[in-house]
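Trainee: I'd like to learn how to read a model like this one. Could you walk me through it?

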Amino acid sequence: MHSTMKTLSFGLDQVNVSFLQGPSSPLVITPRWNDSLEFITKWLELNRSWVEDQMLAYGAVFVRGFQIDNAPDFERAVNALQPDLCDAYRGTVSTAGECCR
């Protein structure tokens with residue numbers, strides 16, 4: 001972790017939150033000042049409960065405008081929000097998705 005990350009605030013006031021198309025549509029989280037991957041992963045980790053509540057209320061939460069440039073960056077951000085997320089395909093084979101039980 002960078003030394004500057006230790007002094008940053010990670011509250012809701014550090015991001016912009018809006019609706020995708022209207023009050024019944026999913027929320028969109030965009031950077032207010034800091035668009036770094038390090039910031040959004042830490043922010044998602046520290047605000048996990050709030051983000052999960054919003055996903056239940058609005059069906060989805062989009063994270064846009066941050067420096068998530070490739071699949072490993074995306075995985076890092078998702079794992080910050082859901083560290084136990086299963087990546088196995090849940091097919092019809094009996095062994096598929098065992099980590100997801």
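Trainee: Is strand β2 mostly covered or mostly open?
Mentor: Buried here means under 20% relative accessible area, exposed means over 50%, and partly exposed is in between, using a 1.4 Å probe and protein chains only. In β2, four of the five residues are buried, so by that definition the strand is mostly covered. Strands are DSSP runs of E with at least two residues, helices are runs of H or I with at least four, and both are numbered from the N terminus. Bear in mind that this is a predicted model: local features need pLDDT of at least 70, side-chain atom pairs count only at pLDDT 80 or more, and totals for chains, interfaces and linings use all residues. Residues are numbered from 1 along each chain as its sequence is written, and side-chain values use heavy atoms, with hydrogens and water left out.

Trainee: Which strands pair with β2, and in what sense?
Mentor: Strands of a sheet pair through backbone hydrogen bonds, either parallel or antiparallel. Two strands count as paired if DSSP finds at least two bridges between them. β2 (residues 27–31) runs parallel to β3, with three bridges, while β1 and β2 are antiparallel over five bridges. Val 28 is the bridge partner of Ser 18 and also stands opposite Phe 62 in β3. Ile 29, in turn, faces Val 63 of β3.

Trainee: What does the whole sheet look like?
Mentor: It is an open sheet of three strands, ordered β1-β2-β3, with mixed pairing. β1 (15–19) and β3 (61–63) are at the edges with a single partner strand each, so one side of each has no neighbour in the sheet. On average, neighbouring strands are turned by 25 degrees against each other, direction ignored. For angles, axes are lines fitted to C-alpha atoms (for helices, over the stretch in contact), and values run from 0 to 180 degrees between N-to-C directions.

Trainee: Which helix packs on the sheet?
Mentor: Contact means heavy atoms within 4.5 Å. Helix α3 (residues 48–58) touches β1, β2 and β3, and its direction makes about 145 degrees with that of β2.

Trainee: Which residues touch the most other members of the largest nonpolar core?
Mentor: A nonpolar core is a set of buried Ala, Val, Leu, Ile, Met, Phe, Trp, Tyr and Cys residues joined through side-chain atoms within 4.5 Å. The largest one has 15 residues, and Trp 43 and Leu 44 touch the most other members. β2, α2 (37–46) and α4 (71–81) each give two or more residues, with α2 giving the most, five. Beyond its neighbours within four places in sequence, Trp 43 has contacts that include Phe 10, Ile 29 and Trp 50.

Trainee: How many salt bridges are there?
Mentor: The rule is a side-chain nitrogen of Lys or Arg within 4 Å of a carboxyl oxygen of Asp or Glu, and the count is two. In one, the closest N and O atoms of Arg 76 and Glu 38 are 4.0 Å apart. Arg 76 is in α4 and Glu 38 in α2, so this pair ties together parts 38 residues apart in sequence. Lys 42 and Glu 45 form a salt bridge at 3.9 Å, N to O; both lie in α2, three residues apart, about one turn of the helix.
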